[in-house]
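Work through the exercises below with the structure open beside you. Try each task before reading its solution.

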Amino acid sequence: CETFAILRVPLLFGEVEDPYESAVTTLWPAVKDASKETKVDDVAVRYPTYTKNVAKIVDFLLGKMVDGADGCAGVFHYTDLQPLTKYEMALIMGERLHVPT
């Protein structure tokens, strides 16, 4: 097994210090402020990917590389499985955090 791998990931989200660190968490300030209307895209589909899931994939690939397994070098693309628009993400945030949307 060669000793390189490139892991491509789409829209990341996870724990943040500031909601503007991720394109997913940037929705939070608009969701929690119900006093003003905010327009959010409901057309473009994205695959928000949780950072801890990416860490698991990196660990898996590194383990395979250390073991010398075939097929572990190259370019890989990883994404979580749920397709969402920004509007759908905002609805989920509001629901889980008990904020009207």
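**Exercise 1.** Find what joins the side chains of E15 and K52, and state which parts of the chain this pair ties together.

*Solution.* Start with the contact. In this predicted model, E15 and K52 form a salt bridge, at 3.6 Å from N to O. The term means a side-chain nitrogen of Lys or Arg within 4 Å of a carboxyl oxygen of Asp or Glu. E15 sits in the loop between β2 (12–13) and α1 (27–32), while K52 belongs to helix α2 (residues 51–67), so the pair ties together parts 37 residues apart in sequence. Helices here are DSSP runs of H or I with at least four residues, strands are E runs of at least two, and both are numbered from the N terminus.

Two notes on the values. Residues are numbered from 1 along each chain as its sequence is written, and side-chain values use heavy atoms, with hydrogens and water left out. Because the model is predicted, local features need pLDDT of at least 70 and side-chain atom pairs count only at pLDDT 80 or more, whereas totals for chains, interfaces and linings use all residues.

**Exercise 2.** Decide whether E15 and K52 are exposed or partly exposed.

*Solution.* Apply the cut-offs: buried is under 20% relative accessible area, exposed is over 50%, and partly exposed is in between (1.4 Å probe, protein chains only). E15 has 69%, so E15 is exposed. K52 has 45%, so K52 is partly exposed.

**Exercise 3.** How many salt bridges are there by this rule? Name the partners of D33 and D41.

*Solution.* The count is 3. D33 pairs with K36 at 4.0 Å, N to O. D41 pairs with R46 at 3.3 Å, N to O. D33 is partly exposed at 27%, but K36 is exposed at 54%. D41 is partly exposed at 29%, and R46 is partly exposed at 22%.

**Exercise 4.** Describe the lining of the largest pocket.

*Solution.* First, count: 17 residues line the largest pocket, and F13, V24, I92, M93 and R96 lie nearest its centre. A pocket is an open set of points on a 1 Å grid over the protein atoms alone, where a 1.4 Å probe fits, with protein on both sides within 12 Å along at least five of seven lines; lining residues have an atom within 4 Å of a point. Then find the main contributor. Helix α3 (residues 86–96) gives the largest share of this lining, 4 residues.
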